[in-house]
Amino acid sequence: MTPYPFTTAEMKAMAGVIQMVCVEENQAMIDQRKQGYLSSEKSCNELVDCWKSTYVNANKNCGEEYKNLLKCLTKHERKSLKCRELRNLLDECYVKKVMLKHSK
């Protein structure tokens with residue numbers, strides 16, 4: 001299985017973007033768990049691969065927004081609501097600079 005290469009703060013920072021981008025991969029995991037199965041290695045690897053590519057795109061296209069959110073989440077580890085505005089900025093940047101560019 002592909003190792004999970006993200007810290008907790010990184011995972012929290014990417015949560016909104018991941019929900020937009022990795023829909024199919026997340027749904028496959030959810031469906032397997034609803035059926036009472038542990039997630040297959042294939043679906044786990046697909047999800048991690050989606051996370052990795054999303055992470056690369058976020059850093060490449062929205063590096064400043066990502067870094068600011070990550071700093072906030074690291075500083076306020078247990079109070080991530082304090083970082084909501086920064087999360088929204090990252091989500092907006094990702095939609096504008098990555099998702100819309102790929103949809104053209």
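Colleague: Buried means under 20% relative accessible area, exposed means over 50%, and partly exposed is whatever lies in between, using a 1.4 Å probe and protein chains only; which of these does Tyr55 count as?

Modeller: Tyr55 counts as partly exposed, at 24% relative accessibility. Please keep in mind that this is a predicted model, in which local features need pLDDT of at least 70 and side-chain atom pairs count only at pLDDT 80 or more, while totals for chains, interfaces and linings use all residues. Residues are numbered from 1 along each chain as its sequence is written, and side-chain values use heavy atoms, with hydrogens and water left out.

Colleague: OK, and how many aromatic pairs does the structure hold?

Modeller: It holds one. The partners are Tyr55 and Tyr66, whose ring centres are 5.6 Å apart and whose planes stand at 90°, so the pair is edge-to-face. For a pair, the rings of Phe, Tyr and Trp (its six-membered ring) must have centres within 6.5 Å, and planes under 30 degrees apart count as stacked, over 60 as edge-to-face and the rest as tilted.

Colleague: Is Tyr66 buried or exposed?

Modeller: Tyr66 is buried, with a relative accessible area of 2%, whereas Tyr55 is partly exposed. Tyr66 has its place in helix α3, residues 41–75; helices here are DSSP runs of H or I with at least four residues, strands are runs of E with at least two, and both are numbered from the N terminus.

Colleague: What is Tyr66 in contact with, neighbours within four places aside?

Modeller: With those neighbours left out, Tyr66 is in contact with Glu10, Ala13, Met14, Tyr55, Asn59 and Leu90, where contact means heavy atoms within 4.5 Å.

Colleague: What about α2, what should the helix span?

Modeller: Helix α2 covers residues 23–34, and at 1.5 Å a residue its twelve residues should span 16 Å, which agrees with end C-alpha atoms that are 16 Å apart. The expected span is 1.5 Å times one less than the number of residues. After α2 comes Gly36, with a positive phi near 85°.

Colleague: Switching to charges, how many salt bridges does a search of the whole structure find?

Modeller: The search finds one, formed by the side chains of Lys42 and Glu46 at 3.4 Å, N to O. The criterion is a side-chain nitrogen of Lys or Arg within 4 Å of a carboxyl oxygen of Asp or Glu. Lys42 and Glu46 are four residues apart in helix α3, which means about one helical turn separates them. Lys42 is exposed, with a relative accessible area of 58%, while Glu46 is partly exposed at 34%.

Colleague: And Arg87, which side chain of opposite charge is nearest?

Modeller: That is Asp91, 6.0 Å away, and Arg87 is buried yet has no salt bridge; Lys and Arg count as positive and Asp and Glu as negative, with His and the chain ends not counted. Arg87 sits in helix α4, residues 84–103, and a polar atom of its side chain lies 2.3 Å from the backbone oxygen of Lys12. A polar contact is a pair of N or O atoms within 3.5 Å; within protein, one must be able to donate a hydrogen and the other to accept it, and residues adjacent in sequence count only if both atoms are side-chain atoms.

Colleague: Which residues does Leu73 touch, not counting those up to four places away?

Modeller: Leu73 touches Ala9, Lys12, Ala13, Ser80, Cys83 and Arg87 on that count. Leu73 is found in helix α3 and counts as buried, at 3% relative accessibility.

Colleague: Last one, where is the place of Asn61?

Modeller: Asn61 is also in helix α3, and it counts as buried at 17% relative accessibility. Leaving out residues up to four places away in sequence, Asn61 touches Cys93, Lys97, Val98 and Lys101.
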